Amino acid sequence: MNEAALPVAIVNYIALSAVILFIGAAGVMLRRNPLIMLMSIELMWNAANLLFLAFARAWLNNAGHIFAFIVITVAAAEAAIGLAIVVVVFRSAQTVDVDEVASLKG
Amino acid sequence: MTLFWILGVLLVASAVFVISQRKPVYSVVGLLFHFAVLAVFFLTLNAEFLAVIQIVIYSGATLILFVFVIALLSSGVAPFSVGPNRMPKAAIPAGLIAFVALALVVYGILRAPLVNAPRAATTSIPGAVGAPNVFGSVADFGKALFTTHLLPFEMTAFILMVAVIGVVALAGETTPFVPSLRRARIIEREMREALLRGGEE
(Lines give C-alpha, C1' and ligand atoms only; values in the text may rest on other atoms or scores of the structure.)
Protein backbone atom coordinates (compact mmCIF):
# COMPACT_ATOMS: atom_id res chain seq x y z
CA MET A 1 0.00 0.00 0.00
CA ASN A 2 1.18 3.46 -0.89
CA GLU A 3 2.19 5.36 2.26
CA ALA A 4 1.30 8.77 0.86
CA ALA A 5 -2.27 7.89 -0.12
CA LEU A 6 -5.32 8.17 2.10
CA PRO A 7 -6.91 4.94 3.38
CA VAL A 8 -10.02 5.76 1.31
CA ALA A 9 -10.74 8.48 -1.25
CA ILE A 10 -11.25 12.01 0.07
CA VAL A 11 -14.90 12.16 -1.09
CA ASN A 12 -15.80 9.56 1.53
CA TYR A 13 -14.45 11.80 4.28
CA ILE A 14 -16.35 14.80 2.89
CA ALA A 15 -19.59 12.81 2.72
CA LEU A 16 -19.19 11.47 6.27
CA SER A 17 -18.40 14.95 7.57
CA ALA A 18 -21.47 16.37 5.80
CA VAL A 19 -23.69 13.69 7.31
CA ILE A 20 -22.45 14.43 10.84
CA LEU A 21 -22.77 18.18 10.24
CA PHE A 22 -26.41 17.74 9.16
CA ILE A 23 -27.16 15.55 12.18
CA GLY A 24 -25.77 18.29 14.41
CA ALA A 25 -27.78 20.97 12.61
CA ALA A 26 -30.92 18.86 12.95
CA GLY A 27 -30.23 18.54 16.67
CA VAL A 28 -29.95 22.32 17.05
CA MET A 29 -33.15 22.92 15.09
CA LEU A 30 -35.31 20.13 16.50
CA ARG A 31 -34.42 19.90 20.17
CA ARG A 32 -35.56 22.51 22.69
CA ASN A 33 -33.20 21.49 25.48
CA PRO A 34 -30.27 23.93 25.55
CA LEU A 35 -27.81 21.28 26.72
CA ILE A 36 -28.59 18.96 23.82
CA MET A 37 -28.42 21.95 21.46
CA LEU A 38 -24.91 22.71 22.77
CA MET A 39 -23.92 19.07 22.29
CA SER A 40 -25.20 19.24 18.71
CA ILE A 41 -22.98 22.28 18.17
CA GLU A 42 -20.06 20.18 19.44
CA LEU A 43 -20.98 17.53 16.84
CA MET A 44 -20.78 20.18 14.12
CA TRP A 45 -17.39 21.43 15.35
CA ASN A 46 -16.09 17.88 15.19
CA ALA A 47 -17.41 17.29 11.70
CA ALA A 48 -15.37 20.31 10.61
CA ASN A 49 -12.34 18.97 12.49
CA LEU A 50 -12.59 15.60 10.77
CA LEU A 51 -12.55 17.32 7.40
CA PHE A 52 -9.57 19.51 8.33
CA LEU A 53 -7.57 16.45 9.32
CA ALA A 54 -8.62 14.47 6.26
CA PHE A 55 -7.46 17.24 3.94
CA ALA A 56 -4.29 17.74 5.97
CA ARG A 57 -3.56 14.04 5.51
CA ALA A 58 -4.41 14.16 1.80
CA TRP A 59 -2.08 17.08 1.13
CA LEU A 60 0.41 16.07 3.83
CA ASN A 61 0.29 19.62 5.14
CA ASN A 62 0.41 20.51 8.82
CA ALA A 63 -1.79 23.61 8.59
CA GLY A 64 -4.94 21.52 8.91
CA HIS A 65 -3.69 20.13 12.21
CA ILE A 66 -3.06 23.65 13.53
CA PHE A 67 -6.53 24.72 12.45
CA ALA A 68 -8.11 21.68 14.12
CA PHE A 69 -6.20 22.56 17.29
CA ILE A 70 -7.65 26.09 17.22
CA VAL A 71 -11.12 24.70 16.55
CA ILE A 72 -10.84 22.47 19.62
CA THR A 73 -9.76 25.45 21.74
CA VAL A 74 -12.58 27.65 20.49
CA ALA A 75 -15.08 24.81 20.99
CA ALA A 76 -13.98 24.41 24.60
CA ALA A 77 -14.35 28.15 25.22
CA GLU A 78 -17.74 28.14 23.52
CA ALA A 79 -18.96 25.21 25.61
CA ALA A 80 -17.85 26.90 28.84
CA ILE A 81 -19.55 30.21 28.00
CA GLY A 82 -22.67 28.47 26.62
CA LEU A 83 -23.08 26.42 29.78
CA ALA A 84 -22.57 29.55 31.91
CA ILE A 85 -25.37 31.23 29.93
CA VAL A 86 -27.60 28.18 30.47
CA VAL A 87 -26.96 28.36 34.22
CA VAL A 88 -27.68 32.10 34.36
CA VAL A 89 -30.88 31.75 32.32
CA PHE A 90 -32.04 28.87 34.49
CA ARG A 91 -31.30 30.90 37.62
CA SER A 92 -33.29 33.94 36.49
CA ALA A 93 -36.13 32.37 34.47
CA GLN A 94 -36.45 29.03 36.31
CA THR A 95 -36.89 27.19 33.02
CA VAL A 96 -34.64 25.45 30.55
CA ASP A 97 -37.00 25.37 27.57
CA VAL A 98 -35.50 27.70 24.99
CA ASP A 99 -38.97 28.52 23.64
CA GLU A 100 -40.09 29.86 27.01
CA VAL A 101 -37.15 32.23 27.26
CA ALA A 102 -38.85 34.74 24.96
CA SER A 103 -38.78 37.99 26.89
CA LEU A 104 -37.06 39.75 23.97
CA LYS A 105 -39.97 38.90 21.64
CA GLY A 106 -41.77 42.06 20.56
CA MET B 1 -11.15 0.71 3.90
CA THR B 2 -13.12 -1.63 6.16
CA LEU B 3 -11.96 0.38 9.18
CA PHE B 4 -13.29 3.58 7.61
CA TRP B 5 -16.78 2.16 7.17
CA ILE B 6 -16.90 0.59 10.64
CA LEU B 7 -15.80 3.87 12.25
CA GLY B 8 -18.09 5.91 10.01
CA VAL B 9 -21.15 3.85 10.91
CA LEU B 10 -20.27 4.12 14.60
CA LEU B 11 -19.80 7.90 14.28
CA VAL B 12 -23.15 8.45 12.56
CA ALA B 13 -24.99 6.08 14.93
CA SER B 14 -23.60 7.77 18.04
CA ALA B 15 -24.39 11.23 16.59
CA VAL B 16 -28.01 10.17 16.02
CA PHE B 17 -28.05 8.74 19.56
CA VAL B 18 -26.87 12.11 20.94
CA ILE B 19 -29.66 14.15 19.37
CA SER B 20 -32.44 11.58 19.90
CA GLN B 21 -32.11 10.91 23.61
CA ARG B 22 -34.69 12.28 26.04
CA LYS B 23 -32.33 12.79 28.99
CA PRO B 24 -29.22 14.94 28.50
CA VAL B 25 -27.09 12.52 30.54
CA TYR B 26 -27.63 9.80 27.94
CA SER B 27 -26.66 12.31 25.27
CA VAL B 28 -23.43 13.00 27.15
CA VAL B 29 -22.63 9.27 27.15
CA GLY B 30 -23.36 9.09 23.42
CA LEU B 31 -21.13 12.11 22.83
CA LEU B 32 -18.34 10.48 24.86
CA PHE B 33 -18.53 7.43 22.59
CA HIS B 34 -18.62 9.70 19.52
CA PHE B 35 -15.44 11.49 20.62
CA ALA B 36 -13.66 8.21 21.38
CA VAL B 37 -14.46 6.88 17.90
CA LEU B 38 -13.38 10.21 16.43
CA ALA B 39 -10.04 9.92 18.23
CA VAL B 40 -9.49 6.54 16.57
CA PHE B 41 -10.44 8.17 13.27
CA PHE B 42 -7.80 10.86 13.84
CA LEU B 43 -5.22 8.13 14.43
CA THR B 44 -6.05 6.61 11.04
CA LEU B 45 -5.36 10.07 9.57
CA ASN B 46 -1.89 10.23 11.22
CA ALA B 47 -3.01 12.97 13.64
CA GLU B 48 -1.77 11.38 16.83
CA PHE B 49 -1.41 14.55 18.91
CA LEU B 50 -4.93 15.68 18.01
CA ALA B 51 -6.30 12.22 18.82
CA VAL B 52 -4.86 12.55 22.31
CA ILE B 53 -6.12 16.08 22.91
CA GLN B 54 -9.51 15.06 21.52
CA ILE B 55 -9.75 12.62 24.43
CA VAL B 56 -8.19 14.96 26.99
CA ILE B 57 -9.99 18.21 26.12
CA TYR B 58 -13.37 16.92 25.02
CA SER B 59 -13.91 13.83 27.10
CA GLY B 60 -11.90 15.06 30.06
CA ALA B 61 -12.94 18.70 30.26
CA THR B 62 -15.93 19.65 28.11
CA LEU B 63 -18.11 16.63 28.82
CA ILE B 64 -17.36 16.81 32.54
CA LEU B 65 -18.56 20.42 32.36
CA PHE B 66 -21.81 19.22 30.78
CA VAL B 67 -22.26 16.58 33.48
CA PHE B 68 -21.62 19.16 36.21
CA VAL B 69 -24.19 21.55 34.77
CA ILE B 70 -26.78 18.77 34.51
CA ALA B 71 -26.11 17.76 38.12
CA LEU B 72 -26.15 21.39 39.29
CA LEU B 73 -29.44 22.22 37.61
CA SER B 74 -31.08 18.92 38.61
CA SER B 75 -30.68 19.78 42.30
CA GLY B 76 -32.83 22.90 41.87
CA VAL B 77 -36.59 23.22 41.73
CA ALA B 78 -37.30 21.67 38.34
CA PRO B 79 -36.59 18.05 37.39
CA PHE B 80 -33.97 19.09 34.90
CA SER B 81 -32.74 15.55 34.32
CA VAL B 82 -35.78 15.01 32.12
CA GLY B 83 -35.91 18.45 30.57
CA PRO B 84 -38.10 19.67 27.76
CA ASN B 85 -38.80 17.03 25.19
CA ARG B 86 -41.31 18.87 23.04
CA MET B 87 -40.65 18.84 19.33
CA PRO B 88 -41.54 21.93 17.31
CA LYS B 89 -44.67 21.66 15.15
CA ALA B 90 -42.71 21.66 11.92
CA ALA B 91 -40.41 18.83 13.00
CA ILE B 92 -41.50 16.23 10.43
CA PRO B 93 -41.54 18.46 7.30
CA ALA B 94 -38.35 20.19 8.46
CA GLY B 95 -36.68 16.82 8.96
CA LEU B 96 -37.79 15.66 5.52
CA ILE B 97 -36.50 18.82 3.84
CA ALA B 98 -33.21 18.56 5.73
CA PHE B 99 -32.87 14.90 4.72
CA VAL B 100 -33.48 15.70 1.04
CA ALA B 101 -30.95 18.56 1.24
CA LEU B 102 -28.42 16.23 2.87
CA ALA B 103 -28.99 13.59 0.18
CA LEU B 104 -28.43 16.23 -2.52
CA VAL B 105 -25.26 17.48 -0.82
CA VAL B 106 -23.81 14.00 -0.44
CA TYR B 107 -24.74 13.15 -4.05
CA GLY B 108 -23.07 16.33 -5.25
CA ILE B 109 -19.97 15.66 -3.20
CA LEU B 110 -19.69 12.12 -4.49
CA ARG B 111 -20.05 13.36 -8.08
CA ALA B 112 -17.68 16.30 -7.67
CA PRO B 113 -14.47 16.13 -9.68
CA LEU B 114 -12.20 15.97 -6.63
CA VAL B 115 -8.78 14.50 -6.98
CA ASN B 116 -6.50 13.24 -4.31
CA ALA B 117 -3.67 15.65 -3.70
CA PRO B 118 -0.52 15.24 -5.68
CA ARG B 119 2.54 13.92 -3.94
CA ALA B 120 4.45 17.13 -4.69
CA ALA B 121 2.48 19.19 -2.15
CA THR B 122 4.03 17.57 0.85
CA THR B 123 5.64 19.45 3.69
CA SER B 124 6.81 16.36 5.52
CA ILE B 125 7.11 12.67 4.80
CA PRO B 126 4.33 10.26 5.76
CA GLY B 127 4.95 7.23 7.88
CA ALA B 128 3.54 4.87 10.46
CA VAL B 129 1.70 6.35 13.43
CA GLY B 130 4.08 6.60 16.38
CA ALA B 131 7.22 6.79 14.32
CA PRO B 132 9.38 9.85 15.04
CA ASN B 133 9.68 12.80 12.65
CA VAL B 134 7.02 11.72 10.19
CA PHE B 135 3.91 13.64 9.14
CA GLY B 136 1.54 14.13 12.07
CA SER B 137 3.93 13.06 14.80
CA VAL B 138 4.04 15.15 17.96
CA ALA B 139 7.44 16.59 17.01
CA ASP B 140 6.19 17.50 13.54
CA PHE B 141 3.05 19.13 14.95
CA GLY B 142 4.95 20.99 17.66
CA LYS B 143 7.51 22.31 15.21
CA ALA B 144 4.73 23.72 13.02
CA LEU B 145 2.83 25.10 16.01
CA PHE B 146 5.76 26.96 17.50
CA THR B 147 7.43 28.22 14.34
CA THR B 148 5.17 28.75 11.33
CA HIS B 149 1.89 29.10 13.22
CA LEU B 150 3.03 30.80 16.42
CA LEU B 151 0.58 33.73 16.20
CA PRO B 152 -2.58 31.53 16.05
CA PHE B 153 -1.24 29.60 19.02
CA GLU B 154 -0.82 32.81 21.03
CA MET B 155 -4.33 33.86 20.03
CA THR B 156 -5.80 30.65 21.44
CA ALA B 157 -4.33 31.64 24.80
CA PHE B 158 -6.10 35.00 24.51
CA ILE B 159 -9.38 33.29 23.56
CA LEU B 160 -9.18 31.00 26.59
CA MET B 161 -8.44 33.93 28.90
CA VAL B 162 -11.44 35.87 27.56
CA ALA B 163 -13.60 32.75 28.01
CA VAL B 164 -12.51 32.36 31.64
CA ILE B 165 -13.24 36.02 32.41
CA GLY B 166 -16.59 35.77 30.62
CA VAL B 167 -17.66 32.68 32.54
CA VAL B 168 -16.75 34.26 35.88
CA ALA B 169 -18.56 37.47 34.97
CA LEU B 170 -21.66 35.56 33.82
CA ALA B 171 -22.08 32.82 36.37
CA GLY B 172 -20.17 34.12 39.36
CA GLU B 173 -21.74 34.60 42.78
CA THR B 174 -22.84 38.19 42.16
CA THR B 175 -24.11 38.73 38.66
CA PRO B 176 -24.27 42.48 38.10
CA PHE B 177 -25.16 42.16 34.42
CA VAL B 178 -28.10 39.78 34.72
CA PRO B 179 -30.88 40.82 37.12
CA SER B 180 -33.32 38.08 37.99
CA LEU B 181 -36.74 38.11 36.36
CA ARG B 182 -38.40 38.70 39.72
CA ARG B 183 -36.21 41.71 40.47
CA ALA B 184 -36.82 43.07 36.97
CA ARG B 185 -40.60 42.84 37.54
CA ILE B 186 -40.29 44.62 40.90
CA ILE B 187 -38.25 47.40 39.31
CA GLU B 188 -40.78 47.69 36.47
CA ARG B 189 -43.71 47.93 38.92
CA GLU B 190 -41.93 50.54 41.02
CA MET B 191 -41.20 52.60 37.94
CA ARG B 192 -44.84 52.39 36.83
CA GLU B 193 -46.10 53.40 40.27
CA ALA B 194 -43.65 56.28 40.34
CA LEU B 195 -44.94 57.43 36.97
CA LEU B 196 -48.55 57.23 38.17
CA ARG B 197 -47.70 59.20 41.29
CA GLY B 198 -45.99 61.77 39.14
CA GLY B 199 -49.16 62.10 37.04
CA GLU B 200 -51.32 62.68 40.12
CA GLU B 201 -49.11 65.39 41.45
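Guide: Here's a short chat about helices and a chain contact.
Guide: This is a predicted model, where local features need pLDDT of at least 70, side-chain atom pairs count only at pLDDT 80 or more, and totals for chains, interfaces and linings use all residues. Residues are numbered from 1 along each chain as its sequence is written, with chains lettered from A and ligands numbered from 1 in the order in which they are written.

Visitor: How do you know that the span of helix α2 of chain A agrees with its 26 residues?
Guide: Expect 1.5 Å times one less than the number of residues. For residues 34–59 that comes to 38 Å, and the end C-alpha atoms are 38 Å apart, so the two agree.

Visitor: What makes α2(A) largely enclosed?
Guide: Buried means 20 or more other C-beta atoms within 10 Å of a residue's own, with C-beta atoms placed from the backbone. In α2(A), 21 of the 26 residues pass, so the rest of the structure largely encloses α2(A). Just after α2(A), Leu60(A) takes a positive phi of about 50°.

Visitor: Why are α1(B) and α2(B) called roughly antiparallel?
Guide: Their axes come within 8 Å and cross at roughly 155°. Angles over 145 degrees count as roughly antiparallel, so α1(B) and α2(B) get that label.

Visitor: Which residues does the contact between the chains take?
Guide: Contact means C-beta atoms, placed from the backbone, within 7 Å. Chain B gives 78 residues and chain A 66. On the side of chain B that touches chain A, α3(B) gives the most, with eleven residues.

Conventions
Helix = DSSP H or I, 4+ residues; strand = E, 2+ residues; numbered from the N terminus. Buried ≥ 20, exposed ≤ 12 C-beta atoms within 10 Å, placed from the backbone. Contact = placed C-beta atoms within 7 Å. Axes fitted to C-alpha atoms, helices over the stretch in contact; angles between N-to-C directions. Parallel < 35°, antiparallel > 145°, perpendicular 65-115°, else oblique.
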